[in-house]
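Work through the exercises below with the sequence and the model open beside you, and try each task before reading its solution.

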Amino acid sequence: MIEHRNGILIAVALVVGVPAITLLATLHQMFGTGGDGPIRASAVQAPPAPAPAAKPAPQAPAAASPASPAAAAPAAATPAGAATPAAAAPVPGRSAQDFSASRPAWEGYLQGADPALGKQLAASGKPAAGVQACVACHGQAGITPTGGIFPNLAGLTPEYIAKQLADFRQGTRKQALMNTVAQGLSEQEIGQLAAYYGSLAGPLLHVGETGGEAARKLDQIGDGARALPACANCHGLRGLGEGPLLPRLAGQSKEYFADQINAFRNGSRQNDDVGVMRAFAQRLTDSEVEALGQYYAGSR
């Protein structure tokens with residue numbers, strides 16, 4: 001009977017004692033040595049006081065001139081024991097600017113850009129700076145009449161055009177003719193051209209009527225086995241554009257499309273965001289590049 005009673009007492013002690021000890025330890029952690037609970041004022045250490053400035057050595061009193069009011073006026077006495085005021089030390093930490101997203105320089109080119117001035121520049125160029133008229137390659141209304149490797153600029157956004165011209169100007173996108181043209185343009189002129197071409201409507205066409213099923217599948221579905229997302233995810237369904245920096249593919253010639261895919265493949269074009277187009281281009285076959293070029297070119 002006694003043993004049974006002792007067992008009950010031990011069980012009760014364990015049931016009550018263990019949680020009580022845990023609670024006491026938790027309270028000690030919160031209110032004693034730190035933790036996630038309230039912080040006691042006595043636990044916060046005040047910064048060390050700055051060292052007192054050295055007192056200048058006493059100097060012999062100079063002969064006071066009766067005509068000098070400064071000499072006659074008594075010096076302001078500093079109360080005994082008063083601390084000499086010291087400049088406040090800078091407090092380390094962060095400012096609001098540390099969390100501000102950086103903005104690309106080309107965004108400033110578009111501020112207040114006049115499309116009418118861009119149209120004039122596109123038609124006449126800047127012969128003195130080696131900049132030929134844009135219409136010579138890109139057509140009177142931003143649509144290249146002969147196709148080939150010259151892109152249509154009509155239908156692209158001002159942001160995309162400004163970024164590409166800025167990349168050509170800085171050399172982060174390389175093409176001999178366009179590098180020369182962009183380097184002959186001022187930042188203001190880049191903004192004007194981008195505003196002008198960005199205001200033009202793209203060509204009338206019927207995308208997706210050529211290129212076959214393989215191109216349609218890559219555009220709308222992609223190929224998960226090769227880690228190829230649908231082209232429409234970034235460029236819009238049937239390449240009609242998606243967002244200011246994701247260019248419209250619809251209406252570009254198949255020659256220009258293939259030329260740019262190959263440039264991404266061989267690394268001669270490297271101004272894609274974190275290298276995504278370079279990676280995707282490597283996974284496309286030559287026949288798929290040709291089929292996609294025909295698919296996006298459409299029929300006018």
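The model is predicted, so local features need pLDDT of at least 70 and side-chain atom pairs count only at pLDDT 80 or more, while totals for chains, interfaces and linings use all residues. Residues are numbered from 1 along each chain as its sequence is written, and side-chain values use heavy atoms, with hydrogens and water left out.

**Exercise 1. Overall fold**

Solution. Begin with the DSSP runs, in which helices are H or I runs of at least four residues and strands are E runs of at least two, numbered from the N terminus. The protein exposes about 19400 Å², of which carbon and sulfur atoms supply 62%, the areas coming from the Shrake-Rupley method with a 1.4 Å probe. Finally, take contact to mean heavy atoms within 4.5 Å: among contacts between residues at least 6 apart in sequence, 63% join residues at least 24 apart.

**Exercise 2. Nonpolar cores**

Identify which residues of the largest nonpolar core touch the most other members, and which helix supplies its largest share.

Solution. A nonpolar core is a set of buried Ala, Val, Leu, Ile, Met, Phe, Trp, Tyr and Cys residues joined through side-chain atoms within 4.5 Å. The largest such core has 25 residues, of which A122, I161, L165, L185, L193 and Y197 touch the most other members. Helix 3 (106-109), helix 4 (115-124), helix 6 (158-170), helix 7 (176-183) and helix 8 (187-197) each supply at least two residues of this core, and the largest share, six residues, comes from helix 6. Taking Y197 as a worked case and leaving aside neighbours within four places in sequence, one finds contacts that include A122, C134, L153 and I161. A second, separate core of 18 residues includes V207, L218, L228 and Y296.

**Exercise 3. A helix pair**

Solution. Two packed helices are described by the angle between their axes and the distance between the axes. At the contact, I261, F264 and R265 in helix 11 meet M277, R278, A281 and Q282 in helix 12.

**Exercise 4. Single residues**

Decide whether A227, V274 and A232 are buried, partly exposed or exposed.

Solution. A227, in the loop between helix 9 (212-220) and helix 10, has a positive phi of about 55° although it is not a glycine, and with a relative accessible area of 44% A227 is partly exposed. V274, in the loop between helix 11 and helix 12, has a positive phi of about 45° and counts as exposed at 75% relative accessibility. A232 lies in helix 10 (residues 232-235) and is buried, with a relative accessible area of 17%. A232 and D219 are 13 residues apart in sequence and 5.5 Å apart in space, C-alpha to C-alpha.

Key. Buried means under 20% relative accessible area, exposed over 50%, partly exposed in between (1.4 Å probe, protein chains only).
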